[in-house]
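Keep the structure in view as you read.

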Amino acid sequence: IELQLDSPFDLRKPDDLLALLDQESRKNDIHDLYEDLLARKTAIEKKWIDIDKNSNVASKVTSEDVDCLAAHNLYGDVDFYNIATNGSDRGIVIAMPKKINMGKVKASKELKVPLCMQLTPARWSESLINKTDLTIQPEEALRKTFLPVKFLEQFVYYIVKSLKQNSTSWVHYNLASFYWRIKGEGDKAIDCLKLAIQFVTGNFEDIPLHNLAGILHQSRHSKEAIQILYSAIEFAPKEPKHYLAMANIYAALRDFNSSISYYEKFLELDPHNQEAASNRHAVLCYYKLETALTSFQSELQNILAELHDYHSVQQQWLRLQERLKWETASFDYQYEAMDLEIIDTPKKVQRCMKKSTGGKPVISCDFYEKAPKVDRVNLQSLFQIVENEKQKLIVQHPLNLHKEEIGLEKLKLKERPIVMGYPKFPISMPIKYDLHFDKTGWPTKEECLEWNLPLEEEGNLHLPVFLPPDNKGYLLKKAITDDLNLPNGTQHELPWYPPICESPDVNGEKFLPFNERHQLDVERKSDGYLKKTLLEYVNEGYTDKHEIGQRNISAMDKKTAPRWVLATLASLYWRIRGNMRKTLDCLDMAYQSAPKEHMDVVWVSLGSTVKLLGMPDQSLKFANSAFKINYIEPATNFLLALLKYEDGDIIAAMNNLKNILRADPGFYNGMAEKLLKVWSCRIKLGTGPINTEVKQPLCTKTKTLKGGLIHCDEKNMHCKHEDIECVRVDKQRNSDIFEQCKDSPNMNLGQ
């Protein structure tokens, strides 16, 4: 029998038989789980070796597959939407005059654009009035392909003139549709094609139908376009263009089997057409590439599932280990003649003795052999590699696959790494101290009069302040747009819900004294500046605050930004709504998880909010806390300036405004610069709104009889000792009032 150090059977309660039996079962389970973990690790590593060999599946397919090599353009570069014909390949003659005097045409008052419904008799047009409203992009490709003249104005003149001469000419109505397609006017183009279909003669019924299908496909009504082309094929089953158009539409719809079928039908009728052959190769290449990538993604997903299972087993193993150690008696061990490499491995000992050191039991052992070394089970690197491969498929793939169709976003294993930009106002930012307002005598009286400032008006000192997390480098705009697959110009799908910051530990009331919490139930009026700040995050400001609220919810679900950053944005939403209770709840959520170095983002919003609730002292505490973190941030300095001016400390307030202008001259749409001018000119001209006091405390410091320094109180009205003299200068309008604290029984000395 050999003594084993750290024996799991050396129990806290050595006389407990049931505990001993449980410990034995626990030890066996730990051993089995450990063997299971090693087997899983080996299997995962083997699969990963196979996947690593095929990691460049996209480049392999595009560089080796015969269809990819034969295609002139890749799938993403092929124009599958250019579907049109003027019938010239069918013998339709379009005769335009060689010379057209456009100067004379422009001077006339005649109709200069082909409004088809005005160019045909009413008995034909009334029943064909187009009530659709299709949106298409201007098709410049038609200008190069079908315009027989250099300038579009000449083409229009020819069409209008021809239709006036023959108001039932289907050929010219068909050409008129080209003009409106070039202009991007789908509804007017359909008007012309309806008349072309009405008046078409001979065996050409399929031509206007073909062009109508082109407009429908361009406006993303591709299924309707297919139905129209079926009709065109019934009229002209031997016409190759219809099959090519059908193949292109199916390719755009990603129905590759049908697309290839129609390309082959087209090539049977026109076997030497290089465009169709190239398109067919491009579609086949893309299909093979998508199949290979989908298979590769499936293998990655299987590895991720196995990694999740591995993690679960590992957690179970760790929990049993913790319980095993807890049931074991604890000793302080002193290892003698021991190699440090074997601290964490099972050890065999030949000689141990129990000693007492400092009143604690110590076992001292000599080691003679160490167990075989086993590598630790650590797959963190595999996690990172798999995550990188997933991002490579989604972001870097040259064909820009639709990830929603192959399910790549389901690969998410952990929160995406937060991509940071550069901070906008770091404390290392160089600051200039030789600006125009630093000059002695600024501003001059002449400048104050020239600026025509509202010196006599009562200023608004309740301006709201918001410090955006973007200033710290967080890409908040990206988090609620591109990271949600909502690029510029798009809206979040309905319904839209407000962002609620609810959690068992969230309670925004804690920022207010108990006797002031009733104010949270009073709805406050919103401010235009805050609303503009919120809306500018999406679609250049052309959006709705409620839609941004829903984006905030989706961003929290997908974790596109840190939770505290999105909670700060949610607080801005509720400030605009005027709901102070929900505002503080969201700020509390942000407060609990914001990093210490960025806590000023939360402090500023808290300070501005409680200031609006009429608690300037509490607001000043928050603002000072933010200032200690970053003294350059314009929003922090602006909040301090408003608070200090409201308290009568105008010199300090102006210094904060100057700090703003050194870092961001246009801050708050120029309001910081305007306030600095107003406040400076009030001092320069000795004027201001009625009952406004500008206080400059001028208190002397003297020593008491005991030698201690004495100061005037905060309001500069009373002295704490009769040996001190205080002077307060109040500039009210154009008069100066001086007060002195002297030895007088009426001065409440000693307060």
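Buried means under 20% relative accessible area, exposed means over 50%, and partly exposed lies in between, with a 1.4 Å probe and protein chains only. This is a predicted model: local features need pLDDT of at least 70, side-chain atom pairs count only at pLDDT 80 or more, and totals for chains, interfaces and linings use all residues. Residues are numbered from 1 along each chain as its sequence is written, and side-chain values use heavy atoms, with hydrogens and water left out.

Start with the whole. The protein has 27 helices and 8 strands. Helices (H or I, at least four residues) and strands (E, at least two) are DSSP runs, numbered from the N terminus. Of its 751 residues, 44% count as buried. The accessible surface comes to about 41,800 Å², and 51% of this belongs to carbon and sulfur atoms. Such areas come from the Shrake-Rupley method with a 1.4 Å probe; for residues, only the protein chains shown count as cover. Now take contacts, meaning heavy atoms within 4.5 Å. Among those between residues at least 6 apart in sequence, 71% join residues at least 24 apart.

Next, the interior. In soluble globular proteins, nonpolar side chains tend to be buried together. A nonpolar core is a set of buried Ala, Val, Leu, Ile, Met, Phe, Trp, Tyr and Cys residues joined through side-chain atoms within 4.5 Å. The largest one here has 81 residues. Ile 480, Trp 564, Val 602, Leu 606, Phe 638, Leu 657 and Trp 679 have the most contacts inside it. Helix 21 (residues 563-577) is the top contributor to this core, giving 10 residues. At least three residues come from each of domain 2 (424-467 + 599-689) and domain 3 (471-594). Those domain bounds come from an automatic or database domain assignment.

Look at Trp 564 in detail. Set aside its neighbours within four places in sequence. Trp 564 then contacts Tyr 474, Ala 590, Ser 593, Ala 594, Pro 595, His 598, Val 601 and Val 602. A second, separate core has 67 residues, including Phe 155, Tyr 173, Ile 182 and Tyr 243.

Which side chains pair by charge? A salt bridge is a side-chain nitrogen of Lys or Arg within 4 Å of a carboxyl oxygen of Asp or Glu. The whole structure holds 24 of them. One joins Glu 239 to Arg 90, at 3.7 Å from N to O. Glu 239 sits in the loop between helix 11 (222-235) and helix 12 (240-252), and Arg 90 in the loop between helix 3 (66-70) and helix 4 (102-107), so the pair ties together parts 149 residues apart in sequence. Glu 239 is buried at 12% relative accessible area. Arg 90 is partly exposed at 24%.

Another salt bridge links Glu 290 and Arg 254, at 2.3 Å from N to O. Glu 290 belongs to helix 14 (residues 274-327) and Arg 254 to the loop between helix 12 and helix 13 (256-269), so this pair ties together parts 36 residues apart in sequence. Both residues are buried.

Glu 536 and Lys 532 also form a salt bridge, their closest N and O atoms 2.5 Å apart. Glu 536 is partly exposed, at 40%. Lys 532 is partly exposed too, at 40%. Salt bridges with shared partners join Glu 509, Arg 517, Asp 521 and Arg 581 into one network.

Turn to the backbone. Most residues other than glycine have a negative phi, and most peptide bonds are trans. Arg 254 has a positive phi of about 65 degrees, yet is not a glycine. Its relative accessible area is 16%, so Arg 254 counts as buried. Asn 485 also has a positive phi, about 60 degrees, and is not a glycine. Asn 485 lies in the loop between helix 18 and helix 19. With 48% relative accessible area, Asn 485 is partly exposed. The peptide bond from Leu 494 to Pro 495 is cis, with omega near 0 degrees. Pro 495 lies in the loop between helix 18 (476-479) and helix 19 (528-535).

End at helix 1. His 31 is found there. At 46% relative accessible area, His 31 is partly exposed. His 31 and Trp 317 are 286 residues apart in sequence and 8.9 Å apart in space, C-alpha to C-alpha.
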